[in-house]
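Student: I have a model open and want to go through it. Can you take me around?

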Amino acid sequence: MRLLKLVPADTHVNFIGARRVAVIFSAAAMLASVALFFVLGLNFGIDFRGGTTMIVQTPQPVAIADYRVAVRDLGVGDVQVTEISATGVTDKNQAMVRIVEQGDDPEIQADAIATVEDALEEAFEGLTVLSVESVGGKVSNELILAGFMAVFFAVLGVMVYVWLRFEWQFSVAAVASLVHDVIVTIGLFSLLQIEFNLAIVAAILTIIGYSLNDTVIVFDRIRENLRKYKKMELPELINQSVNETLSRTVVTSGTTLLALFALYIIGGNVLSGFTFAMIWGVVIGTYSSIFVAGLVVKWLGVDRSDKPSSKAGTQFADIDA
Amino acid sequence: MLQFGRSKAIAILLVVLAGLFAAAPNLFYDRVERHNDAAVLVERGLPLSDGQRADLEGWPDWLVSNLVNLGLDLRGGVYLLVEVQVEDVYGEIMDGIWPEARDTLRGLDGVRTVRRQPADPGLLRIRIDNPDVLGAAMAAMRGLEGYALLVSSVRADTLEIALSDLERRELDNRTVEQSLEKIRRRVDEAGTREPSIQRQGSQRIVVQVPGLGSAEELLEIIGRTARLSFHPVVSDGAEDQTVAFDQLLLPDVDMGGFLVVERSAVVGGDELVDAQPSFDQNGLPAVGFRFNAVGARKFGEYTRDNVGRRFAIVLDSEIISAPQIISHIPGGAGQITGQFTVEESARLAVLLRAGALPAEIQVLEQRTVGPELGQDSVDAGRIAAIVAMFAVIVFMMASYGVFGVFATLSLLTNVALMFAALSTLGATLTLPGIAGIVLTVGMAVDANVLIFERIREELKTGKAVARAVEEGFKRALSAILDANITTLIAVVILFFVGSGPVRGFSVTLGIGVVTSVFTAFYVTRLLLSSYIARTRPKTISI
């Protein structure tokens with residue numbers, strides 16, 4: 001039986017040689033992301049902004065314009081209605097209704113929800129409210145803080161671990177590629193204005209875990225080759241390591257993407273933002289572990305002398321080699 | 001050696017079998033759930049209907065019956081995050097201290113008049129007519145029993161009493177604990193299924209009730225303070241009227257208008273022992289109540305001494321009725337009438353029985369998911385997981401041939417082990433949790449891929465099959481460990497910093513990381529080594 005080989009058995013792609021393209025691409029993407037973040041901003045969901053979202057369903061299709069007419073002039077501020085695209089098994093007439101936060105008093109928010117519900121039920125016969133989520137401003141501020149803290153500590157924890165297991169150059173390179181991934185992801189979310197909520201923060205943390213996973217596999221091979229080929233030039237050695245792990249990188253990304261696409265297409269609208277972030281994360285994480293991480297290690301250089309002091313940061317590196 | 005020793009191999013098989021055994025009930029979710037419900041009834045010694053007895057026999061007792069809990073987003077229900085307004089209690093304590101403080105100060109030499117001055121809630125400001133004895137007055141106030149008090153002077157003749165920080169913290173803690181207990185009793189009285197009521201942080205409580213259709217329904221049960229008290233009526237009042245400090249101006253929801261009542265209550269709702277919905281002599285809905293011995297005595301004495309005067313029945317700062325005392329009411333039983341519907345009187349009885357909340361609660365966050373949407377999510381998640389698994393299996397077999405079959409078996413074991421762990425830990429599966437499982441299916445093969453790629457490399461250097469496979473496992477170990485530990489770091493942080501659904505995701509992903517390393521290193525290896533030992537292949541296609 002002939003086996004499927006996505007990557008030929010023996011590759012010699014010159015990734016380090018292609019560094020100019022990678023550097024230009026990454027730098028441009030990061031700059032654009034920062035610009036997008038400041039110009040367009042993220043489309044924060046109620047988790048971070050406070051307010052209410054409702055999912056409603058009607059027996060007959062209803063045009064979004066009709067919804068908008070129904071919720072106009074209710075005296076509860078701006079009420080947004082968006083269509084929920086039919087995905088997978090949920091091919092029903094559903095729409096999402098967003099009510100802005102009415103102020104500090106939760107009771108006024110509750111009244112606003114009731115007002116909108118009544119107006120919708122009156123306008124469309126047989127309308128049912130499938131879910132209501134409401135977050136107060138106090139909690140949403142805390143959630144923003146918690147989200148930032150989570151990302152920060154995750155990056156810090158990873159930095160320390162990689163530093164213990166490898167050398168500081170690797171740790172810096174790993175974090176550089178993580179920061180790259182996170183910035184570009186936030187840029188994409190600013191560009192597409194996909195709702196940014198708690199689930200997306202979870203997705204970003206998972207991207208951090210995944211991208212790192214990839215990067216560490218490459219580093220592990222670089223470390224091994226550093227011991228094996230003491231005379232080889234660093235760029236060539238990094239290149240060889242990336243090539244040796246390329247097949248694995250592609251296969252794992254492939255299986256993960258297969259699973260994620262299944263979830264994205266079938267998993268329903270509640271998860272679609274989350275899955276989208278993950279798909280993007282896998283793609284960008286794979287890219288950054290092939291191009292960015294190795295490049296940063298090359299820039300920083302590695303101490304290859306056999307002095308005992310150079311092993312100071314790698315005392316755990318041999319436990320299983 | 002590639003092969004495990006006999007005892008090790010048996011141990012691995014046992015773990016896998018135990019996993020399959022523990023995961024199995026989830027395949028028959030409905031049946032096992034009904035069995036468990038019936039079993040709970042048996043445990044409580046309640047009789048079973050025929051249907052319930054059939055449910056009980058629907059799943060054998062000797063099998064494990066732990067299930068993965070479905071989160072509210074999957075089964076539908078209401079999630080509420082509320083904050084207890086602990087500061088409310090400080091003011092009440094100050095009101096409680098005031099009579100004793102006043103009497104003590106009046107007893108001091110050189111003090112004739114003692115006046116309470118308006119101050120922020122939580123502060124008791126007292127003015128005396130003789131500045132010379134302020135020192136002595138402050139000392140006397142410090143000696144008041146019951147609470148740790150901070151006493152300071154704000155002017156030459158005025159002192160201020162507040163609770164000490166430590167006292168406040170202890171009080172906050174007690175207030176939240178009491179609120180939690182009261183909320184639990186109310187929700188239990190309302191008879192909902194498997195509510196979860198937990199404290200979060202210092203002032204917050206999370207209430208989760210599956211199966212409820214709307215948050216308002218739950219808020220009607222737990223949102224009201226339901227503090228009942230009986231106050232002597234001083235006079236009729238008008239809106240915006242200013243009243244003396246020891247009096248209150250309250251709206252009368254029964255007759256309309258306002259009444260002035262004494263601030264200190266004759267009897268409070270905490271001395272009620274029972275409350276039941278009933279009807280008054282005109283056949284209108286009412287709530288009958290009974291006091292405990294102390295409350296009955298106080299109420300009896302008061303009604304005996306004040307025949308002909310009015311008293312106000314106050315619920316949450318509203319007068320629900322203000323009857324005239326016609327005669328002495330001994331025995332401590334009575335009836336509250338007012339503008340109730342039958343439903344309201346029944347609900348009020350529940351609230352009074354469960355007891356008042358010690359402080360008001362404020363809703364910070366509410367999430368309601370209808371059961372329909374939950375079911376849609378479960379279906380979508382299930383189909384997505386199956387499709388994902390199928391796609392990954394096909395891909396693995398196409399890429400690695402017979403080795404792909406082993407990876408598939410180990411992937412299936414992995415999913416079973418995940419469900420086993422989730423059910424045994426009693427973890428709650430949320431929608432993001434399903435995403436975690438699907439993601440793990442994709443990532444779980446990573447460990448296998450690393451090993452297989454290594455084996456390929458070793459084969460290329462001309463090693464014999466068995467030797468190459470052994471080397472492959474050995475050399476892939478460090479990469480696999482590093483990769484998975486870094487993922488675990490992110491998972492642990494997600495767990496501690498994340499809330500609600502994010503936590504659910506981190507739990508499943510974390511379990512997935514651990515089980516995938518186990519299955520790659522033990523299950524795949526066991527399968528591979530047995531295969532090689534049995535067939536002794538000269539060459540292998542991978």
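Tutor: We take the chain interface and then a sheet. This is a predicted model, where local features need pLDDT of at least 70, side-chain atom pairs count only at pLDDT 80 or more, and totals for chains, interfaces and linings use all residues. Residues are numbered from 1 along each chain as its sequence is written, and chains are lettered from A and ligands numbered from 1 in the order in which they are written.

Student: How many residues of chain A are in contact with chain B?

Tutor: 60 residues of chain A are in contact with 64 of chain B, where contact means C-beta atoms, placed from the backbone, within 7 Å.

Student: Which element gives the most to the side of chain A that touches chain B?

Tutor: H9(A), with 13 residues. Helices (H or I, at least four residues) and strands (E, at least two) are DSSP runs, numbered from the N terminus.

Student: What joins S5(A) to S18 of chain B?

Tutor: 5 bridges, and the two strands run antiparallel; pairing takes at least two DSSP bridges. A:Ser134 is opposite B:Gln366 there.

Student: Switching to chain B, what is the strand order in the open sheet?

Tutor: S13-S14-S17, with antiparallel pairing.

Student: Why is one side of S13 and of S17 in chain B without a neighbour in the sheet?

Tutor: Both stand at the edges with a single partner strand each, so one side of each is left without a neighbour.

Student: And which strand does S14(B) share 5 bridges with?

Tutor: S17(B), running antiparallel. B:Phe289 stands opposite B:Gly334 in S17(B).

Methods: Contact = placed C-beta atoms within 7 Å.
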